[in-house]
Amino acid sequence: YYKIMANPVCVEDTLNGCVILMLDVTEKQRAEQMRKEFSANVSHELKTPLMSISGYAEIMNNGLVKSEDVAEFSGRIYSEATRLTNLVEDIIKLSRLDEDNKVFEQEEVNLLVLAEDIKERLLPQATKKNVELRVLGENVKVKGIRQILDEMLFNLFDNAIKYNEDGGKAGVSVVKENDKVILSVWDTGIGIPKEHQDRIFERFYRVDKSHSRETGGTGLGLSIVKHGAIYHKADIKIDSEVSRGTKIIITFKTI
Ligand code: ADP
(Lines give C-alpha, C1' and ligand atoms only; values in the text may rest on other atoms or scores of the structure.)
Protein backbone atom coordinates (compact mmCIF):
# COMPACT_ATOMS: atom_id res chain seq x y z
CA TYR A 1 0.00 0.00 0.00
CA TYR A 2 1.25 3.45 -0.93
CA LYS A 3 0.05 6.88 0.03
CA ILE A 4 0.67 9.70 -2.47
CA MET A 5 2.27 12.53 -0.52
CA ALA A 6 2.17 15.34 -3.14
CA ASN A 7 0.72 16.01 -6.56
CA PRO A 8 2.92 14.71 -9.39
CA VAL A 9 5.38 17.27 -10.73
CA CYS A 10 5.85 16.76 -14.47
CA VAL A 11 8.71 18.05 -16.57
CA GLU A 12 7.73 18.26 -20.21
CA ASP A 13 10.31 20.60 -21.87
CA THR A 14 13.45 18.54 -21.81
CA LEU A 15 12.49 15.20 -20.35
CA ASN A 16 9.30 13.27 -20.42
CA GLY A 17 8.83 12.35 -16.82
CA CYS A 18 6.99 12.97 -13.59
CA VAL A 19 8.02 12.93 -9.98
CA ILE A 20 5.59 11.40 -7.53
CA LEU A 21 6.36 11.30 -3.83
CA MET A 22 4.86 8.16 -2.29
CA LEU A 23 5.10 6.71 1.18
CA ASP A 24 5.04 2.98 1.79
CA VAL A 25 2.24 2.50 4.34
CA THR A 26 1.97 -1.31 4.02
CA GLU A 27 3.08 -1.93 7.59
CA LYS A 28 0.73 0.75 8.97
CA GLN A 29 -2.14 -0.66 6.91
CA ARG A 30 -1.41 -4.18 8.15
CA ALA A 31 -1.27 -3.02 11.78
CA GLU A 32 -4.57 -1.17 11.34
CA GLN A 33 -6.19 -4.22 9.75
CA MET A 34 -4.96 -6.44 12.60
CA ARG A 35 -6.24 -3.99 15.18
CA LYS A 36 -9.69 -4.00 13.55
CA GLU A 37 -9.78 -7.80 13.36
CA PHE A 38 -8.67 -8.06 16.98
CA SER A 39 -11.45 -5.72 18.17
CA ALA A 40 -14.05 -7.65 16.18
CA ASN A 41 -12.78 -10.96 17.59
CA VAL A 42 -12.67 -9.62 21.14
CA SER A 43 -16.25 -8.45 21.03
CA HIS A 44 -17.39 -11.77 19.58
CA GLU A 45 -15.40 -13.77 22.16
CA LEU A 46 -16.74 -11.64 25.02
CA LYS A 47 -20.32 -11.72 23.80
CA THR A 48 -20.54 -15.51 23.51
CA PRO A 49 -20.05 -16.36 27.21
CA LEU A 50 -21.97 -13.25 28.29
CA MET A 51 -25.00 -14.29 26.24
CA SER A 52 -24.88 -17.81 27.70
CA ILE A 53 -24.66 -16.42 31.22
CA SER A 54 -27.59 -14.06 30.76
CA GLY A 55 -29.60 -16.77 28.97
CA TYR A 56 -29.18 -19.33 31.77
CA ALA A 57 -29.71 -16.70 34.46
CA GLU A 58 -32.91 -15.51 32.78
CA ILE A 59 -34.34 -19.05 32.59
CA MET A 60 -33.50 -19.61 36.26
CA ASN A 61 -34.93 -16.24 37.20
CA ASN A 62 -38.21 -17.05 35.45
CA GLY A 63 -38.53 -20.18 37.57
CA LEU A 64 -38.40 -22.38 34.48
CA VAL A 65 -35.72 -24.70 35.86
CA LYS A 66 -36.72 -27.79 37.80
CA SER A 67 -35.01 -28.04 41.16
CA GLU A 68 -33.00 -31.10 40.06
CA ASP A 69 -31.56 -29.09 37.14
CA VAL A 70 -30.50 -26.05 39.18
CA ALA A 71 -27.01 -27.44 39.86
CA GLU A 72 -26.42 -28.03 36.15
CA PHE A 73 -27.55 -24.53 35.16
CA SER A 74 -25.57 -22.78 37.86
CA GLY A 75 -22.57 -24.93 36.88
CA ARG A 76 -22.86 -23.69 33.29
CA ILE A 77 -23.07 -20.09 34.48
CA TYR A 78 -19.98 -20.63 36.62
CA SER A 79 -17.93 -22.17 33.79
CA GLU A 80 -18.91 -19.41 31.33
CA ALA A 81 -18.00 -16.77 33.93
CA THR A 82 -14.61 -18.46 34.44
CA ARG A 83 -14.10 -18.41 30.69
CA LEU A 84 -14.88 -14.71 30.62
CA THR A 85 -12.44 -14.02 33.46
CA ASN A 86 -9.64 -15.95 31.68
CA LEU A 87 -10.35 -14.07 28.49
CA VAL A 88 -10.23 -10.65 30.15
CA GLU A 89 -7.00 -11.61 31.94
CA ASP A 90 -5.37 -12.75 28.68
CA ILE A 91 -6.48 -9.59 26.86
CA ILE A 92 -4.89 -7.49 29.61
CA LYS A 93 -1.66 -9.52 29.44
CA LEU A 94 -1.51 -9.05 25.66
CA SER A 95 -2.19 -5.33 25.71
CA ARG A 96 0.49 -4.89 28.36
CA LEU A 97 2.96 -6.67 26.05
CA ASP A 98 1.92 -4.49 23.13
CA GLU A 99 2.83 -1.31 24.90
CA ASP A 100 6.44 -0.29 24.83
CA ASN A 101 6.45 -0.76 28.53
CA LYS A 102 9.42 0.11 30.63
CA VAL A 103 7.85 -0.58 34.01
CA PHE A 104 8.89 -4.23 33.87
CA GLU A 105 11.85 -5.08 36.04
CA GLN A 106 14.61 -7.02 34.25
CA GLU A 107 16.19 -9.79 36.29
CA GLU A 108 18.08 -13.04 35.93
CA VAL A 109 15.61 -15.90 35.74
CA ASN A 110 16.55 -19.55 36.14
CA LEU A 111 14.36 -21.30 33.56
CA LEU A 112 14.73 -24.76 35.10
CA VAL A 113 13.55 -23.54 38.52
CA LEU A 114 10.69 -21.70 36.82
CA ALA A 115 9.70 -24.87 34.91
CA GLU A 116 9.71 -26.93 38.13
CA ASP A 117 7.48 -24.35 39.78
CA ILE A 118 5.02 -24.34 36.87
CA LYS A 119 5.01 -28.14 36.82
CA GLU A 120 3.80 -28.12 40.45
CA ARG A 121 1.04 -25.62 39.57
CA LEU A 122 -0.10 -27.77 36.64
CA LEU A 123 -0.16 -31.07 38.52
CA PRO A 124 -3.93 -31.02 39.14
CA GLN A 125 -4.70 -30.60 35.40
CA ALA A 126 -2.12 -33.25 34.48
CA THR A 127 -3.46 -35.74 37.01
CA LYS A 128 -6.98 -35.19 35.75
CA LYS A 129 -5.90 -35.94 32.18
CA ASN A 130 -3.52 -38.70 33.28
CA VAL A 131 -0.54 -36.96 31.68
CA GLU A 132 2.95 -37.50 33.08
CA LEU A 133 5.02 -34.31 33.48
CA ARG A 134 8.80 -34.07 33.16
CA VAL A 135 11.26 -31.24 33.66
CA LEU A 136 14.86 -31.84 32.64
CA GLY A 137 17.95 -29.83 31.85
CA GLU A 138 20.59 -27.46 33.06
CA ASN A 139 20.43 -24.74 35.66
CA VAL A 140 20.76 -21.79 33.31
CA LYS A 141 19.55 -18.25 33.61
CA VAL A 142 18.29 -15.75 31.08
CA LYS A 143 17.90 -12.03 31.55
CA GLY A 144 14.26 -11.11 31.32
CA ILE A 145 10.98 -10.30 32.93
CA ARG A 146 10.03 -13.07 35.35
CA GLN A 147 6.30 -12.52 35.06
CA ILE A 148 6.29 -12.66 31.25
CA LEU A 149 8.58 -15.71 31.14
CA ASP A 150 6.26 -17.37 33.65
CA GLU A 151 3.18 -16.64 31.51
CA MET A 152 4.94 -17.91 28.36
CA LEU A 153 6.13 -21.17 29.90
CA PHE A 154 2.84 -21.70 31.72
CA ASN A 155 0.82 -21.34 28.49
CA LEU A 156 3.10 -23.74 26.60
CA PHE A 157 3.18 -26.37 29.36
CA ASP A 158 -0.59 -25.99 29.85
CA ASN A 159 -1.18 -26.58 26.11
CA ALA A 160 1.12 -29.62 26.21
CA ILE A 161 -1.30 -31.10 28.76
CA LYS A 162 -4.55 -29.82 27.22
CA TYR A 163 -3.80 -31.14 23.73
CA ASN A 164 -2.53 -34.48 24.98
CA GLU A 165 -3.98 -37.96 25.06
CA ASP A 166 -4.94 -39.92 28.13
CA GLY A 167 -1.74 -41.51 29.47
CA GLY A 168 0.50 -39.18 27.42
CA LYS A 169 3.63 -37.29 28.45
CA ALA A 170 4.53 -33.60 28.48
CA GLY A 171 7.74 -31.92 29.45
CA VAL A 172 10.12 -29.00 29.48
CA SER A 173 13.83 -29.10 28.74
CA VAL A 174 16.36 -26.33 29.26
CA VAL A 175 19.71 -26.61 27.49
CA LYS A 176 22.62 -24.21 27.07
CA GLU A 177 24.30 -24.24 23.67
CA ASN A 178 27.20 -21.83 23.05
CA ASP A 179 25.74 -18.38 23.69
CA LYS A 180 22.11 -19.57 23.53
CA VAL A 181 19.63 -21.04 25.98
CA ILE A 182 17.16 -23.41 24.38
CA LEU A 183 13.83 -23.93 26.11
CA SER A 184 11.70 -26.70 24.65
CA VAL A 185 8.19 -27.66 25.64
CA TRP A 186 7.12 -30.99 24.20
CA ASP A 187 4.21 -33.37 24.34
CA THR A 188 3.09 -36.72 22.97
CA GLY A 189 -0.32 -35.29 22.14
CA ILE A 190 -2.59 -34.75 19.16
CA GLY A 191 -0.10 -32.64 17.15
CA ILE A 192 -0.78 -29.69 14.84
CA PRO A 193 -1.45 -30.21 11.11
CA LYS A 194 1.24 -28.58 8.91
CA GLU A 195 -1.21 -26.13 7.30
CA HIS A 196 -2.09 -24.65 10.72
CA GLN A 197 1.42 -24.39 12.13
CA ASP A 198 2.16 -20.89 10.79
CA ARG A 199 -1.09 -19.50 12.12
CA ILE A 200 -1.43 -20.82 15.68
CA PHE A 201 0.43 -17.81 17.11
CA GLU A 202 -2.24 -15.44 15.75
CA ARG A 203 -4.76 -14.04 18.19
CA PHE A 204 -7.83 -16.28 18.55
CA TYR A 205 -6.59 -18.78 15.99
CA ARG A 206 -7.51 -22.35 16.94
CA VAL A 207 -7.09 -25.57 15.02
CA ASP A 208 -10.28 -27.01 16.44
CA LYS A 209 -12.61 -24.39 17.85
CA SER A 210 -14.89 -26.77 19.73
CA HIS A 211 -12.03 -28.71 21.34
CA SER A 212 -10.34 -25.50 22.47
CA ARG A 213 -13.63 -24.29 23.91
CA GLU A 214 -14.07 -27.57 25.82
CA THR A 215 -10.59 -27.26 27.28
CA GLY A 216 -11.34 -23.71 28.41
CA GLY A 217 -8.78 -22.04 26.14
CA THR A 218 -9.03 -18.36 25.25
CA GLY A 219 -7.22 -18.64 21.92
CA LEU A 220 -4.71 -16.05 23.14
CA GLY A 221 -2.18 -18.30 24.92
CA LEU A 222 0.27 -18.64 22.04
CA SER A 223 -0.04 -14.95 21.07
CA ILE A 224 1.14 -14.14 24.58
CA VAL A 225 4.03 -16.58 24.03
CA LYS A 226 4.92 -14.95 20.71
CA HIS A 227 4.80 -11.40 22.02
CA GLY A 228 6.76 -12.46 25.11
CA ALA A 229 9.41 -13.98 22.84
CA ILE A 230 9.60 -10.79 20.77
CA TYR A 231 9.96 -8.80 24.01
CA HIS A 232 12.91 -10.99 25.00
CA LYS A 233 14.38 -11.02 21.45
CA ALA A 234 13.99 -14.80 21.48
CA ASP A 235 13.29 -17.01 18.51
CA ILE A 236 10.38 -19.50 18.28
CA LYS A 237 10.28 -22.71 16.26
CA ILE A 238 7.65 -25.38 16.06
CA ASP A 239 8.05 -29.05 15.32
CA SER A 240 4.82 -31.00 15.29
CA GLU A 241 3.27 -34.05 13.75
CA VAL A 242 -0.37 -35.11 13.93
CA SER A 243 -0.99 -37.95 16.43
CA ARG A 244 2.68 -37.90 17.48
CA GLY A 245 3.06 -34.67 19.38
CA THR A 246 4.39 -31.16 19.40
CA LYS A 247 7.60 -29.44 20.42
CA ILE A 248 7.87 -25.68 20.70
CA ILE A 249 11.43 -24.43 20.91
CA ILE A 250 12.33 -20.98 22.19
CA THR A 251 15.91 -19.83 21.81
CA PHE A 252 17.14 -17.06 24.13
CA LYS A 253 20.47 -15.33 24.13
CA THR A 254 22.45 -15.92 27.31
CA ILE A 255 23.09 -13.05 29.68
P1 ADP B 1 -6.08 -22.01 23.19
O2 ADP B 1 -6.60 -21.16 24.27
O3 ADP B 1 -7.12 -22.37 22.17
O4 ADP B 1 -5.31 -23.19 23.69
P5 ADP B 1 -3.54 -21.02 22.16
O6 ADP B 1 -3.21 -19.70 21.57
O7 ADP B 1 -2.78 -21.44 23.37
O8 ADP B 1 -5.11 -21.03 22.39
O9 ADP B 1 -3.31 -22.12 21.03
C10 ADP B 1 -3.88 -21.93 19.74
C11 ADP B 1 -4.25 -23.26 19.10
O12 ADP B 1 -3.06 -24.00 18.78
C13 ADP B 1 -5.04 -24.19 20.00
O14 ADP B 1 -6.42 -23.91 19.92
C15 ADP B 1 -4.70 -25.56 19.46
O16 ADP B 1 -5.52 -25.84 18.35
C17 ADP B 1 -3.28 -25.39 18.96
N18 ADP B 1 -2.26 -25.88 19.91
C19 ADP B 1 -1.53 -25.14 20.78
N20 ADP B 1 -0.66 -25.90 21.48
C21 ADP B 1 -0.84 -27.17 21.03
C22 ADP B 1 -0.21 -28.43 21.33
N23 ADP B 1 0.75 -28.53 22.23
N24 ADP B 1 -0.65 -29.53 20.65
C25 ADP B 1 -1.63 -29.43 19.72
N26 ADP B 1 -2.25 -28.27 19.38
C27 ADP B 1 -1.85 -27.15 20.03
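**Cavity**

I searched the whole structure and found one cavity of 30 Å³ or more. On a 1 Å grid over the protein atoms alone, a cavity is a set of points where a 1.4 Å probe fits but cannot get out, a pocket is an open set with protein on both sides within 12 Å along at least five of seven lines, and lining residues have an atom within 4 Å of a point. I noted that the model is predicted, that local features need pLDDT of at least 70 and side-chain atom pairs count only at pLDDT 80 or more, and that totals for chains, interfaces and linings use all residues. Residues are numbered from 1 along each chain as its sequence is written, and side-chain values use heavy atoms, with hydrogens and water left out.

I read about 30 Å³ of space in the largest cavity, a volume being the space filled by probe spheres set on the grid points, which are joined across faces, edges and corners. The lining of the largest cavity consists of L111, L149, M152, L153, L156, L183, I250 and F252. Two or more of the lining residues come from each of α4 and β11 (245–253), with helices (H or I, at least four residues) and strands (E, at least two) taken as DSSP runs numbered from the N terminus. The largest share, four residues, belongs to α4. I counted eight nonpolar residues in this lining, no polar and no charged, where Ala, Val, Leu, Ile, Met, Phe, Trp, Tyr, Cys and Pro count as nonpolar, Asp, Glu, Lys and Arg as charged, and the others, Gly among them, as polar.

**Largest pocket**

For the largest pocket I recorded a volume of about 1,200 Å³. It is lined by 45 residues, and those closest to its centre are D158, N159, K162, Y163 and G217. Here α4 gives the most to the lining, with 10 residues, and among the other elements that supply at least two are α2 (70–98), α3 (111–129) and β9 (180–187). The lining divides into 17 nonpolar, 14 polar and 14 charged residues.

**Ligand**

Where does the ligand sit? I found it in the largest pocket, by the criterion that more than half of its atoms lie within 2 Å of the grid points. The ligand is surrounded by 19 residues, of which Y163, S212, T218, G219 and L222 are the closest; a residue is near if one of its heavy atoms lies within 4 Å. At least two residues of this shell come from each of α4 (146–162) and α7 (221–231), and the shell holds eight nonpolar, eight polar and three charged residues.

I then looked up polar contacts, pairs of N or O atoms within 3.5 Å. A side-chain N or O atom of Y163 is 2.7 Å from an oxygen atom of the ligand, a backbone N or O atom of T218 lies 2.8 Å from a ligand oxygen atom, and a polar side-chain atom of K162 lies 3.0 Å from an oxygen atom of the ligand. Taken alone the ligand exposes 530 Å², and the protein buries 97% of that, by the Shrake-Rupley method with a 1.4 Å probe.

**Second largest pocket**

The second largest pocket has a volume of about 520 Å³. Of its 18 lining residues, M34, E37, F38, E202 and R203 lie nearest its centre. I noted that α1 (26–61) provides the largest share, nine residues, and that the lining divides into six nonpolar, two polar and 10 charged.

Note on methods:
Polar contact = N/O pair within 3.5 Å; in protein donor to acceptor, adjacent residues only side chain to side chain.
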